[in-house]
Amino acid sequence: MRIQNGYKRLSVANGTTILTAKPFAYVLQSLHRSEKCDHCLQSGKLFRCSGCQYVYYCNRSCQQSSWSTHRKECANLKRISPKVIPDMARLMARIIIKLNQGGGEEIGYYSNTSYRKFKDLMSHYSDIKRDKKRMEHFVCLCGVLHTFLEDVPIPNSAELMGIYGRICINSFNILDLDMNSIGIGIYLGPSVMDHSCKPNAVATFEGATIIIRTIEDLPCLDWSQARISYIDILKTTKDRRAELQSSYYFWCNCKKCEEPEPMAEAAACPNKCCTHPCSPSADICENCNTKFPEEFEETFEEVSEFTAHHLQNMKNVAYLDICKMCLEKQEGILHPLNVQHVQTLQAAFDSSISLQHWEEAESYAERLINGYLAYYGEVQPLIGILYLMIGKIQLYLEKPKLALEALKKASAVLTITHGEKHAVMREYLRPLLYQATMEGV
């Protein structure tokens, strides 16, 4: 406990839930609409809405809870069928409907006395207006909305752009238990949180409810100092800053971005026994004095460009044969902790999981761990999920002792990032821990 300015300020331990919130508005990605309930976002036995035949629910309770929002879109979804409305347009439509129903007065608290309304969210109106790519997207969405919301009053173009801007700047990707994006939502209270590439808090989800938990000890709960990451930080500083500038209109000067990052674009030392990160333009390794081959820098650039091209093409779907080809070219050229190498391992792991190539998945995951620890830190949801996946794979491969070791590591991380009561602990981790314990006896 600290005393500051005459007031007691309680320190906050890591693994503390500092905020939970229901969404102001949200949508399930259309990709998952037949797999998950449109209201609670859970999987299971579903039935279609009898009106629009577009959305699915797990029970009548979810349908009734969703009706205040869905009522206005239901007939319109049916009218435009079989066309599928873009997720962004549907979210904008839901916000318009909610604002027409008085939702602008809804309050989202982030402390006992501090709160936000939808109008308090930053829209970056002038930045959006100067952003050619986003303006083209906005104009396209306006056309969709005017076609879709036939019987709903639509705000003028300036107000529409304000709504669009607030979504662009403040929305959260809603994640499932595996940390995959399944929806997009606007959360009033949590929108107060700023970004850091070295965050001290993380956002996880139970259905559509967001949960913000600390991953570091904080001297006190100061919202100007609590930070989450807006983007995936498995990138170079240059790429992180470029993404934050283009998506959120700010130049990141967090501690991580201001520090040198010798690993991110490092070359491998020609001496296989040396793990020192080298500059691709170096003549010799600073650590062991091993000479680089002639034209090594050109080879490094070729491999980097080759990898970047294929990683971009695999942004949505990873192909194992292409990942293997990239990894083969990277061998002895890219340092094991070079960002591109780690990203390629990540794609190879995801692809091998989807193909159910379990031995390969285990191998890629174990090679991926050091990269994850280097870029995400020791406590981050993706670290916990990776350990959990390793344990699950090893149980399938009948390696219960190794699985138990991995699952204990998962438990240590997920207890902090998600908490003991989270569904990922109840439904995933604890049953696997029990199984590994029993099979390892």
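User: Which helix holds Glu298?
Analyst: The model here is predicted. Glu298 is one of the residues in a patch of negative charge on the surface. Its helix is α8.

User: Is Glu298 buried, partly exposed or exposed?
Analyst: Buried means under 20% relative accessible area, and exposed means over 50%. Glu298 has 47% relative accessibility, so it falls in between and counts as partly exposed.

User: Is Glu295 buried or exposed?
Analyst: Glu295 sits in the loop between α7 (255–258) and α8. Its phi is near 60°, a positive value in a residue other than glycine. The cut-off for exposed is over 50% relative accessible area. Glu295 has 60%, so it is exposed.

User: Is His124 buried or exposed?
Analyst: His124 lies in the loop between β8 (115–116) and α3 (125–130). Its phi is positive too, near 50°. Buried means under 20% relative accessible area. At 18%, His124 is therefore buried.

User: What is omega for the peptide bond from Ser81 to Pro82?
Analyst: Most peptide bonds are trans. The bond from Ser81 to Pro82 is cis. Pro82 is placed in the loop between α1 (60–80) and α2 (87–100). Omega of this bond is near 10°.

Definitions and conventions. Residues numbered from 1 in each chain as written. Predicted model: local features only at pLDDT ≥ 70, side-chain atom pairs only at ≥ 80, totals over all residues. Heavy atoms only, no water. Patch = residues over 30% accessible without salt bridge, like charges linked within 9 Å, V, L, I, M, F, W, Y side chains within 5 Å. Areas by Shrake-Rupley, 256 points an atom, 1.4 Å probe, with all protein chains shown as cover. Salt bridge = Lys/Arg side-chain N within 4 Å of Asp/Glu carboxyl O. Lys, Arg positive; Asp, Glu negative; His and termini not counted. Charge placed at Lys NZ, Arg CZ, Asp CG, Glu CD. Helix = DSSP H or I, 4+ residues; strand = E, 2+ residues; numbered from the N terminus. Buried < 20%, exposed > 50% of the residue type's maximum accessible area, 1.4 Å probe, protein only.
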